[in-house]
Amino acid sequence: MAARAIKQFTIFSTGALCYGLMEIMNRGFTHITMGLLGGIAFTVIHALNGDRREGKLRLFPILCVSALFITSIEFLSGEILNRVLQMNIWSYRDVPLNLDGQICLPFSILWFALSFFGVFADDFIRHRIFFERRNYSYFRQREPQKIAV
C-alpha cells in the first residue's frame, strides 16, 4: 500500500514539476495551479500507459485521450480560475481557433505531441525507479504470451 502511494506521489510530482518547468521556459513564469494540472495530466498518462504496457491499448488512442483530457481540464480550470475568479493566469485570445480564450487547437495538438514524451517518461520512471519490466515498443502491438501446456 505504501509503495503504491509513493509511486503515485512520484508520478504526480514529476508531472507537476515538468509542466511547471516547461511553462517557465516558455513564458518565464508559472502558477501553482499549472503544477497541479500537470500532475493530474501525468497521472492519467501513467494509468493509460499501464494499459498499453499490458497490451490493452495502443499508443495512438492513448495520445488522443491524453490530449482531450488535458484540453478538457485546461478549459474547466480556465473557466474557473480565469473567468470566474478573474486570476488571469493565461489567455489564448490572440491564438487562432481558441474557445473563450481558455483553450485553442494549436495547444491541443501540442498536448497530443507532448503526451508521447509523457508516455516515454512514464516508461523510464517505471523501469528505472520502480524496477518494472522494460517496455519500449511504442509502434507495434505486442503479441500475447503463449503458455505451453
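This is a predicted model: local features need pLDDT of at least 70, side-chain atom pairs count only at pLDDT 80 or more; totals for chains, interfaces and linings use all residues.

Colleague: What does the secondary structure of the chain come to?

Modeller: Four helices and two strands. The pattern along the sequence is α-α-α-β-β-α. Helices (H or I, at least four residues) and strands (E, at least two) are DSSP runs, numbered from the N terminus.

Colleague: How far apart are the end C-alpha atoms of H2?

Modeller: They are 31 Å apart. The 22 residues of helix H2, residues 32-53, should span 32 Å at 1.5 Å a residue, so the two agree. The expected span is 1.5 Å times one less than the number of residues.

Colleague: And which glycine follows H2?

Modeller: Glycine 55, with a positive phi near 80°.

Colleague: Switching topic. What share of the chain counts as buried?

Modeller: 38% of the 149 residues. Buried means under 20% relative accessible area, exposed over 50%, partly exposed in between (1.4 Å probe, protein chains only).

Colleague: Which residues have the most contacts inside the largest nonpolar core?

Modeller: Met34, Ile89, Trp90, Tyr92 and Trp111, in a core of 13 residues. H2 and helix H3 (59-84) each supply at least two residues of this core. H3 gives the most, with four. A nonpolar core is a set of buried Ala, Val, Leu, Ile, Met, Phe, Trp, Tyr and Cys residues joined through side-chain atoms within 4.5 Å.

Colleague: What is tryptophan 111 in contact with?

Modeller: Leaving aside neighbours within four places in sequence, Tyr19, Ala67, Ile70, Thr71, Glu74 and Tyr92. Contact means heavy atoms within 4.5 Å. Apart from that core lies another, of ten residues, among them Ile45, Leu59, Ile62 and Tyr138.

Colleague: Now leucine 37. Buried or exposed?

Modeller: Buried, with a relative accessible area of 17%. Leucine 37 lies in helix H2. Not counting residues up to four places away in sequence, leucine 37 touches Ile73 and Ser77.

Colleague: How far is leucine 37 from cysteine 64 in space?

Modeller: 17 Å, C-alpha to C-alpha, and 27 residues apart in sequence.

Colleague: Last one. What box do the C-alpha atoms of the chain fill?

Modeller: Roughly 65 × 35 × 25 Å, taken along the principal axes.

Conventions:
Residues are numbered from 1 along each chain as its sequence is written. Side-chain values use heavy atoms; hydrogens and water are left out.
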